[in-house]
Amino acid sequence: MSCGVPGMEDAGCLFLFGYNPNTSHPLVARRVVKAKEKGAKIIVADPRFIETSRIADMYLPLRNGSNVAFLNAFANAIVTEGLMDEEFVREHTLGFDEWWQTIEKYTPENTRDITGIDPGMLREAARMYATAEPSSILCWGMGVCQHLQNVEAVHTCAAIACVSHQIGKPNSGVAPVRGQNNVQGACDMGALPNFFPGYQKVTDPEIRQKFADNWNVPVEALSGHVGYKVSDIGHLIDDGKIHAFYNFGEDPLQTEPDALHLAKQFERLDLFVCQDIFMTQTCAAADVILPATSWGEHEGVFSACDRTFQRFTAAVPPKGECKHDWQIFAEVAERMGHDMHYRDTQEIWDKECRAMWPGAYGATYEKMEGLGHAQWPVPTLDHPGTPDLFLGGAFTTPEGKAHLIAHEYRDPTELPDERYPLVLCTVREVGHYSCRSMTGNCAQLSNLAEEPGYVHISPADAAARGIKHEDMVWVYSRRGKIITRAFVDDRANEGAVYMTYQWWVGKCNDLTLHHVDERSHTPEDKYCAVEVELVDDQVWAEQHAEELYMELKGRLAENANAQHEAPALS
């Protein structure tokens, strides 16, 4: 994010594109409400009529999968309506002419059949965004990132902010929020295949030497090429390139697309290790399980989605054989022959983060004590942190200028047809967190919303299939078939259905398509073709869903007990 979350409420316009903060980030949603109360304009572009649409000044119901066509038309309207800041573009950007060669082809009028948006409405929204004072912020979430053209859409969002000069000033710019807690922190700390901590490239020899010196290993021990992405693992197992997989705090058999196929790929591993706090479907398939501590049992530092480091402390001590994640990593490293000794998390923070990442040097534990925080870059001990990036149009490129990049629109990979006429889009559920490995084990939350999950379907699509609210239904795609419950939802657009990936029975990722974009390798979770069908025998369906749930819970409990009784590993 080029701005801070608190500053969102002081912007003149918030444009929420493919982002539903009420279910994904309720605290951010509160900032949106406060911005509205202070007079900010709110624009929402989403196929569904999300909660924020109720307070929006403009709601743009674009069609599923049309993001790049819509953004190109939005950029076109900024230029053709005379809303572009020509001086800012001339002084602080590169590549406008080449960018415009693509953008000029996508007018609000000729993209209407793709986006479904009235051209006049689109131009009005562009005017509202580009002319807002003192600033506008363009926010996006997984509704942009989990599409075939996700990187292309992000390039265009950044370009829109630049050509309208809604970046480079306080409380402005781009706000790409994260899918779950501390994803920003994982990226900050180098849990990416192309970066060391602090976004320092693994392909840079000087950077590799710096980290080799810090870790007291030969520089040759550090790979100089970009590694694999998590979405590559299944295919690489098939190709015989991956024989062991160390899974840390994830449940890919719940969260990854085409999960049935992935489960078969995991069976071919020579060694499968899981490190987690609960028995999940993925842990149940592992050869070795390493029990870790939960967020309430350890301390450390989180990064919020707006680059803010926040220290947290343990509430209770660990139980049983559980160890802190950093202790597990250190002990595994020791057993593999690498000397790794730390006293506590502060030593790790100081040696592995502050000493190695110039932009984090000033983020001391003392500065983050209590309710303190540090927003990177914070390069010196007395630096106050950086809520806003790129002030004055100073961008972090070799030239110091933003690069404008445009792309042609492409259709999603799997379009609806006669057999699979509906689009399935995976979404979030506010009552449960992420893949539900934690909240699914909370009795109070389970009492509020229990298995099976729901498929949200428009009244028109439900009526056409004889489906009523709460009916048990089949949902099937080219990958699989699941049973779930219908939620007839007037906020859902016709021709599309919505499911969260959190439910264990009626798991939507048994249906989703394992197809990734060519740059980030992010799965196309927001678009695949399905059909929904009423289950003829509703009594049987209810019993069947309960049996599936009890069988799964029983299998996980049996695996957990077996692990508890197993002899400890030396």
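Rings of Phe, Tyr and Trp (its six-membered ring) pair if their centres lie within 6.5 Å; planes under 30 degrees apart count as stacked, over 60 as edge-to-face and the rest as tilted. By that rule, a search of the whole structure finds 31 aromatic pairs.

This is a predicted model, in which local features need pLDDT of at least 70, side-chain atom pairs count only at pLDDT 80 or more, and totals for chains, interfaces and linings use all residues. Residues are numbered from 1 along each chain as its sequence is written, and side-chain values use heavy atoms, with hydrogens and water left out.

**View A. The open parallel sheet.** Five strands line up in the order β3-β2-β1-β5-β6, with parallel pairing. Helices (H or I, at least four residues) and strands (E, at least two) are DSSP runs, numbered from the N terminus. Two strands pair if DSSP finds at least two bridges between them. From one strand to the next, the twist averages 15 degrees. Axes are lines fitted to C-alpha atoms, for helices over the stretch in contact, and angles run from 0 to 180 degrees between N-to-C directions. Strand β5 (residues 136-140) is joined to β6 by four bridges. Ile137 has Gly173 of β6 as its bridge partner.

**View B. A helix across the sheet.** Helix α7 (residues 119-131) lies across β1 (13-17), β2 (41-45), β3 and β5. Its direction makes an angle of about 130 degrees with β3.

**View C. The largest nonpolar core.** A nonpolar core is a set of buried Ala, Val, Leu, Ile, Met, Phe, Trp, Tyr and Cys residues joined through side-chain atoms within 4.5 Å. Buried means under 20% relative accessible area, exposed over 50%, partly exposed in between (1.4 Å probe, protein chains only). The largest core has 52 residues, and Phe70, Phe74, Trp99 and Tyr129 touch the most other members. Helix α3 (residues 67-80) supplies the largest share, 10 residues. Leaving aside neighbours within four places in sequence, the contacts of Phe70 (heavy atoms within 4.5 Å) include Phe15, Phe17, Leu60 and Leu122. A second, separate core of 30 residues includes Ile237, Leu262, Phe266 and Trp474.

**View D. Aromatic pairs.** Phe96 and Trp99 form a tilted pair, 5.6 Å centre to centre with 40 degrees between the planes. These two residues are separated by about one helical turn because they lie three residues apart in helix α5 (residues 96-103). Phe96 counts as buried at 18% relative accessibility, and Trp99 at 1%. The rings of Phe266 and Phe272 have centres 4.9 Å apart and planes at 50 degrees, so this pair is tilted too. Phe266 is buried at 6% relative accessibility, Phe272 at 1%. Elsewhere, ring pairs link Phe195, Tyr199, Phe309, Trp349, Trp357 and Trp376 into a cluster.

**View E. Helix α16 and its cover.** Buried residues of α16 (residues 345-354) include Trp349, Cys353 and Arg354. Among the elements covering the buried residues are α11 (205-215), β12 (300-303), β13 (308-312) and α15 (325-335). At the start of α16, a side-chain oxygen of Asp344 comes within 3.2 Å of the backbone nitrogen of Gln346.

**View F. Asn20 in its loop.** Asn20 lies in the loop between β1 and α1 (21-24). At 8% relative accessibility, Asn20 counts as buried. Its side chain makes a polar contact with the side chain of Thr23 (3.3 Å). A polar contact is a pair of N or O atoms within 3.5 Å; within protein, one must be able to donate a hydrogen and the other to accept it, and residues adjacent in sequence count only if both atoms are side-chain atoms. Another, also of 3.3 Å, joins the side chains of Asn20 and Glu51.
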